[in-house]
Amino acid sequence: MTTDMMVQGPDFRLEWSTPWQLGYKAAATNLADVASMGAAPTALVVSLAAPSTTQVRWLEEFADGLHAGCRDLAPRCGVVGGDLSVSTVLTVS
């Protein structure tokens, strides 16, 4: 088991990436951590803290990126749970 947190500012900038790209990156970085340990990824648990002004469409596109990352990089893997919260800084773990 591993985790890789992404925080808006030091780890990504919304001006430089689409929500889909951020979702894909979140999947890729975590799946790569598991693979680097010689394991086969089986599931992702995703926690997301977002500003209260975040649009539902943004969240849907982010989820689509997570799905695509799993499909492309670990086809037998998927999101099995997680948590949502509100924050002034977008944070993904």
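Here are a few notes on the core and the aromatic rings of this predicted model.

1. Start with the inside. The largest nonpolar core has 18 residues, and the ones that touch the most other members are L44, F62 and V92. As background, nonpolar side chains in soluble globular proteins tend to be buried together.

2. Now zoom in on V92. Leaving aside residues up to four places away in sequence, V92 touches D4, M5, M6, A26, V46, S47, L48 and F62.

3. W20 and Y24 are 4 residues apart in helix 1, so about one helical turn separates them. W20 counts as partly exposed because its relative accessibility is 36%, and that class lies between 20% and 50%.

4. W58 and F62 also pair up. Their ring centres are 5.6 Å apart and their planes meet at 10°, so this pair is stacked. These two sit 4 residues apart in helix 2, which means about one helical turn between them. Is the pair of W58 and F62 buried or exposed? Both residues are buried.

5. One last thing to look for is R13. Its charged end sits over the ring of W16, 5.5 Å from the ring's centre.

Key
Residues numbered from 1 in each chain as written. Predicted model: local features only at pLDDT ≥ 70, side-chain atom pairs only at ≥ 80, totals over all residues. Heavy atoms only, no water. Core = buried A, V, L, I, M, F, W, Y, C linked by side-chain atoms within 4.5 Å. Buried < 20%, exposed > 50% of the residue type's maximum accessible area, 1.4 Å probe, protein only. Contact = heavy atoms within 4.5 Å. Phe/Tyr/Trp six-rings, centres within 6.5 Å; stacked < 30°, edge-to-face > 60°. Lys NZ or Arg CZ within 6 Å of the ring centre and 35° of its normal.
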